[in-house]
Amino acid sequence: MNPDDEFAQWISLLREDEAFDAEVDRLGTEAIAELRRVYAEDGLLFGDDLRRRLLALRFAHAEHALRLVLSDFPATVDWAVTPTVSMNALVYARGPGVIVHGWEVLGIGFQDTLIEIAANIQADYIDEFFHVWPSCSSHRLGLKPDMRNGVGVWMCGSGPHVVARIGKIEDGRLRKR
Ligand SMILES: [Zn+2]
């Protein structure tokens with residue numbers, strides 16, 4: 001079987017594999033590219049082997065993504081519990097998972113993970129400090145993480161328009177126009 005066919009067959013078999021926790025029909029191009037890399041390096045992984053590989057990938061992505069997301073919040077913010085990435089032994093009895101500040105990370109592509117973590121950290125920030133962050137300096141609206149052209153960005157609902165890439169809000173402050 002040629003590698004492309006074998007890859008396609010593997011992806012379709014992942015539908016039946018409980019170790020694979022993403023929806024096969026909703027995988028984005030970035031997630032597919034990650035899975036191609038996994039396939040190229042390790043071949044056809046299933047079950048616990050697949051789960052271990054996905055968690056390692058997710059953990060590395062989450063650490064990088066969390067650093068970027070936190071850089072968009074005020075440097076002096078005094079979290080009750082500092083957001084970190086950890087490996088939790090049992091997540092809803094499904095087996096180990098990657099946890100960021102109490103949230104399980106589910107993305108496979110890096111940008112998906114970045115958006116996921118940005119949304120969760122932002123929700124926690126609002127709960128803990130009672131104001132929305134980051135916000136659009138032109139419209140005084142809270143920004144929402146979203147994907148534009150395959151990249152995680154902070155969007156203002158007015159327009160709507162892109163304010164900055166996630167991780168590019170300088171010193172936790174939006175640049176003045
Ligand atoms: Zn705006």
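Predicted model: local features only at pLDDT ≥ 70, side-chain atom pairs only at ≥ 80, totals over all residues.
Helices α3 and α4 pack at an angle of about 50°, and their axes sit 9 Å apart.

**The α3–α4 pair**

- The crossing of these two helices, α3 and α4, is right-handed.
- On the α3 side, the contact is made by R58, H61, A62, A65, L66, L68 and V69.
- On the α4 side, you'll find F110, T113, L114, I117, A118 and I121 making the contact.
- What kinds of residues meet where α3 touches α4? The contact divides into 10 nonpolar, 2 polar and 1 charged.

**The nonpolar cores**

- The largest nonpolar core has 24 residues. Within this core, A62, A65, L66, V69, L114, I117 and A118 touch the most other members.
- Which elements each supply at least two residues of this core? They are α3 (47-71), β2 (97-100), α4 (110-129) and β5 (151-156).
- Helix α4 gives the most to this core, with 7 residues.
- Now zoom in on I117. Setting aside its neighbours within four places in sequence, I117 is in contact with A62, A65, L66, V69, V100 and V105.
- There's also a second, separate core, made of 8 residues. F20, L54, L57 and I108 are among them.

**The chain as a whole**

- How many helices and strands does the chain have? Its secondary structure comes to 4 helices and 6 strands.
- Reading from the N terminus, the elements run α-α-α-β-β-β-α-β-β-β.
- Along the principal axes, the C-alpha atoms fill a box of roughly 55 × 35 × 20 Å.
- The chain has 177 residues, and buried ones make up 28% of them.
- Take the contacts between residues at least 6 apart in sequence: 53% of them join residues at least 24 apart.

*T84*

- Look for T84 in the loop between α3 and β1 (85-88).
- Is T84 buried or exposed? T84 has 11 of them within 10 Å, so T84 is exposed.
- T84 and P96 are 12 residues apart along the chain, and their C-alpha atoms are separated by 16 Å.

*D124*

- D124 is found in helix α4.
- Why does D124 count as partly exposed? It's because D124 has 18 C-beta neighbours inside 10 Å, and that count lies between the limits of 12 for exposed and 20 for buried.
- From D124 to G102 is 22 residues in sequence, while their C-alpha atoms are 9.7 Å apart in space.

*M147*

- M147 has its place in strand β4 (residues 143-148).
- With 17 other C-beta atoms within 10 Å, M147 is partly exposed.
- Which residues does M147 touch, not counting residues up to four places away in sequence? The answer is Q111, I115 and G152.
- M147 and I166 are 19 residues apart in sequence, and C-alpha to C-alpha they are 9.9 Å apart in space.

Note on methods. Residues numbered from 1 in each chain as written. Core = buried A, V, L, I, M, F, W, Y, C linked by C-beta atoms within 7 Å. Contact = placed C-beta atoms within 7 Å. Axes fitted to C-alpha atoms, helices over the stretch in contact; angles between N-to-C directions. Left-handed = near helix turned anticlockwise from the far one by under 90°. Nonpolar A, V, L, I, M, F, W, Y, C, P; charged D, E, K, R; others polar.
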